[in-house]
Amino acid sequence: MTEVAKPYRVNKGRKFHLRVIDPGDTGEFKNQEEAKELLAESIRIMAKLQQKLYAQDRWSLLLIFQAMDAAGKDGTIKHVMSGINPQGCHVRSFKSPSSLEINHDYLWRANLALPERGMIGIFNRSYYEETLVVRVHKEFLASQRLPESLVTKSIWKERFQDINAYERYLARNGVVIRKFFLFLSKSEQKKRFLARLDTPSKNWKFSDADLRERTFWDDYQDAYEDTIRATATQYAPWYVVPADNKWFTHLVVAGAIIDAMLSLDLAFPVVTEEQRKTLKKARKLLQG
Ligand code: ATP
Ligand code: MG
């Protein structure tokens, strides 16, 4: 279950290249049918582990999802989290910053949305937009009103350094971070956009803006590669997940989440002698 995710994990970015991953890869599986049982089992196991995470109330899990449009972020979040107790999980989507948000440093809004101990927090997009969309469209950087002397050629390198430092800080505070880039091919994106145009129930998903972003495809691929190279670390690894087959994406993401939770010392809190006495008393009282 966790094995399926391993080939796509990047712990150390320095030598990483996007071209080593094929968006159409489905690992050892030929089709969705073969993967069905494993996915259902993964979702059951994830739910069990989450109960312990919640009860133990020590660690929190931060799952970051980044991708080009139509790569299936929403569907992956929905599928993978389908067995999870909603009380132990929250999802935050990061859109273009509001006027309040843009008056602050870029980590401010992310910091407000971090998961509390015991919780799973999902970021649908994240502060990584700061080295992706903001890098591809420099006018977004201008709209941040940074003091001019701070906007130099080194700004992206500095952002990478700050993000790494921030993630290391979070890791040292018990926030377990896993980052997912759902890696879609340009041809599969075209297919999915066309399906949005052709299928009435999908029409609402189509956006002109998405089509415009597609024209910046190569710039985005470069920005993703650079971002992953600079920010894949042992304490906050990236998973570059093949995304042309949704069922495989779900399988890999589920495997990676299970792997993250298994790496922790998750256990239900042990009842102390004192608490045991209280429980005994309570039983007596209930039984009259
Ligand atoms: P969906 O289309 O599935 O609802 P989405 O994540 O694409 O989900 P949209 O509202 O379509 O949501 O797009 C959000 C937009 O906000 C994206 O184009 C993203 O690049 C942009 N965005 C997010 N963060 C920033 C940022 N810090 N600066 C500028 N743009 C940002
Ligand atoms: Mg969108």
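Before I start, a word on conventions: residues are numbered from 1 along each chain as its sequence is written, and chains are lettered from A and ligands numbered from 1 in the order in which they are written. Since we are looking at a predicted model, local features need pLDDT of at least 70 and side-chain atom pairs count only at pLDDT 80 or more, while totals for chains, interfaces and linings use all residues, and side-chain values use heavy atoms, with hydrogens and water left out.

Let me begin with the sheet. Six strands form an open sheet with mixed pairing, in the order S1-S6-S5-S2-S4-S3; strands here are DSSP runs of E with at least two residues, helices are runs of H or I with at least four, and both are numbered from the N terminus. Two strands count as paired if DSSP finds at least two bridges between them. At the edges stand strand S1 (9-10) and strand S3 (89-93), each with a single partner strand, so one side of each is left without a neighbour in the sheet. S3 runs parallel to strand S4 (residues 120-124), to which five bridges join it, and in that pair Cys89 has Ile120 of S4 as its bridge partner.

How many of the residues of S2 are buried? Eight of the eight are, so S2 is largely enclosed by the rest of the structure, where buried means under 20% relative accessible area, exposed means over 50%, and partly exposed lies in between, with a 1.4 Å probe and protein chains only. On one side of S2 the buried residues are Ser60, Leu62, Ile64 and Gln66, and on the other they are Leu61, Leu63, Phe65 and Ala67. S2 pairs with strand S5 (residues 175-183) in the parallel sense over eight bridges, with Leu62 partnered by Ile177 of S5, and five bridges join S2 to S4, also parallel, where Phe65 stands opposite Asn124.

In the loop between strand S2 (60-67) and H2 we find Ala70, which has a positive phi near 70° although it is a residue other than glycine. Most residues other than glycine have a negative phi. Ala70 is buried, at a relative accessible area of 11%.

Now to the helices. The axes of helix H2 (residues 73-80) and helix H11 (residues 246-262) come within 10 Å and cross at roughly 55°, the axes being lines fitted to C-alpha atoms, for helices over the stretch in contact, with angles from 0 to 180 degrees between N-to-C directions. That makes H2 oblique to H11, since angles under 35 degrees count as roughly parallel, over 145 as roughly antiparallel, 65 to 115 as roughly perpendicular and the rest as oblique. Gly75, Thr76, His79 and Val80 in H2 meet Thr249, His250, Val253, Ala254 and Ile257 in H11, contact meaning heavy atoms within 4.5 Å.

Helix H7 (residues 155-172) and helix H10 (residues 217-231) have axes that come within 9 Å and cross at roughly 45°, which makes H7 oblique to H10. Here Phe160, Ile163, Asn164 and Glu167 in H7 meet Asp226, Thr227, Ala230 and Thr231 in H10.

I will finish with Ala110, which sits in helix H4 (residues 108-112) and counts as buried at 1% relative accessibility. Leaving aside neighbours within four places in sequence, Ala110 is in contact with Phe94, Phe123, Tyr127 and Tyr166.
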